[in-house]
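In these entries I record what I looked up in one structure. I put simple questions to it and note each answer in turn.

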Amino acid sequence: MAYMLLILEPTGQRSTRTPAQGHDAYQQMLDYSARLRQRGVLIASDALKSEAVRFGQHNGHAQRLDGPFTESKELIGGFLLLDCHTSEEALVFARECPAAAWATIEIRELGTCYE
Amino acid sequence: MTVTDVHRTIDAVWRIESAHLIAALTRRVRDVGLAEELAQEALLSALEAWPRTGIPDNPGAWLMTTAKNRALDQLRRARMLADKHALLGHELEMEQQFGSYTVETQVDQHIGDDLLRLMFIACHPLLSTQARTALTLRLIGGLTTAEIARAVLTAEPTIAQRIVRAKRTLRDAQVPFELPPREELTSRLASVLEVIYLIFNEGYSATAGEDWMRPALCEEALRIGRILAELAPRESEVHGLVALMEIQASRLRARSGAQGEPVLLMEQNRARWDRVLIHRGFLALARGEALTAVRGAYLLQAAIAACHARAFAATDTDWVAITALYDELARLTGSPVVELNRAVAVAMAYGPAAGLALTDALLEGGALSGYHLLPSVRADLLARLGRYAEARAEFGRAALLTQNARERALLAQRAAACGQHLSS
């Protein structure tokens, strides 16, 4: 079964880091992804850049909005798509994720949106 | 967290960590059976402790430390009870390997190598295919005896005995914990791939409504295959097998109809094919093909599966490409079943007469005399050529040979349809 791990960072956290700290965080996640690949569970993973553009309904019509979206408490910082036997397994992998130290990891099973 | 939650998490940790744990222990104690016992004792400790203390940050390291300390305790006890000279060889070696009671905090740098060695051991040619399958599911997959029994439709005590005997065979033969020597590597690897594909097919053959442990075997085989691809990245046939399994697995949701009846490849609803798996299959296929000029059997089968996967509609299928691949596969394997599949492809690419000629040769050869698909294929080709009397006879012959009731009914229907053409 496929599970998506979404890395939810507190908005503004990235700008508090030095470049070295940022590189270190990214490298930790690369190493983590490599370990998941060795366990045969990684389908895809990457970080997401900070710049965001939105498109949606605003003031009654569809329009583009440019970030940063400071009113949002969280920034989706990255994702991992895993192939796990059970949801407990996905949770174990989330526990081992380095980002758990600086972010919240949301675990979602892939499936329909209407159940 | 409730105790049940913790137990379920421990189950998940076990599935994830046990193979690495057993592999690392086997390197130290040089006996797979003993390694598994130590690992199981560590699991029991976890079941007792973690509901109280919570799941540790590094569960794998916790289990390894516990197993190691258990081994050292055993050694102390043996020392106290016996004369030093009476210590068994493996206990002396354990002492050397384990050293002191230190906590494991770092990832064992040998771990990939150890796991690969464990796979070779679990699939050792000394063991029967059934034993290799059970041992692989146990040591590499981390499945319990009960789970394995349900998955392969065998009684639990039988599986337990199979595993016990397998470990004894390995111990008695003093199978070394080393990678096979270079000259044996290809054949030993073939043995591993055979077991993985057997597990996959066991899962693939499961029909809807059966125990869910059975189709779960496809996932298990895929995971083991993907792990092997990371451990042996330069082996083209490993990538070939993974590619084949990914693409076959992509069709799991499309191959059963509303009543659970099987739906043939050419009739499947391709919107239900899992495109993520197909994409992974293509990636694995490319990796494999980049490593060799001469494709092996798994790579060729994967390439054929990829041709089908590439066609968004059945009518888009590139049968000429598939035929060329079957030509190569038939030359490589000399298998009459492959030759029959080649005949089907030739018929699709170059017309039924060309395909029929190939089946004539198979008929004369006699290798497939009890196999219902030979007359079944011939019947289909004859019908397409308008030779209805002969087609009806062949459909009848096929119906008599098949064991499957549903298939027999279908073949009888087609025979009747030919009859209608004759009377009209």
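Predicted model: local features only at pLDDT ≥ 70, side-chain atom pairs only at ≥ 80, totals over all residues.

Entry 1: In chain B I found 19 helices and zero strands.

**Entry 2: extent and burial of chain B.** I looked up the span of the C-alpha trace of chain B along its principal axes and noted about 95 × 50 × 35 Å. Chain B has 424 residues, and 42% of these count as buried.

**Entry 3: contacts within chain B.** I considered the contacts in chain B with a separation of 6 or more. Of these, 61% are between residues 24 or more positions apart.

**Entry 4: domains of chain B.** Which domains does the assignment give for chain B? I recorded domain 1 (3-107), domain 2 (109-232) and domain 3 (370-424). I then looked up the separation of two of them: the C-alpha centres of domain 2 and domain 3 of chain B are 40 Å apart.

**Entry 5: where chain A meets chain B.** I turned next to the two chains together. On one side I counted 13 residues of chain A, in contact with 16 residues of chain B. Which elements of chain A give two or more residues to the side that touches chain B? They are helix H1 (19-38) and helix H2 (87-96) of chain A. H2(A) supplies the largest share of that side, with five residues. Sorted by class, the side of chain A that touches chain B comprises five charged, four polar and four nonpolar residues.

Terms used. Residues numbered from 1 in each chain as written. Chains lettered and ligands numbered in written order. Contact = placed C-beta atoms within 7 Å. Helix = DSSP H or I, 4+ residues; strand = E, 2+ residues; numbered from the N terminus. Nonpolar A, V, L, I, M, F, W, Y, C, P; charged D, E, K, R; others polar. Buried ≥ 20, exposed ≤ 12 C-beta atoms within 10 Å, placed from the backbone. Domains from an automatic or database assignment.
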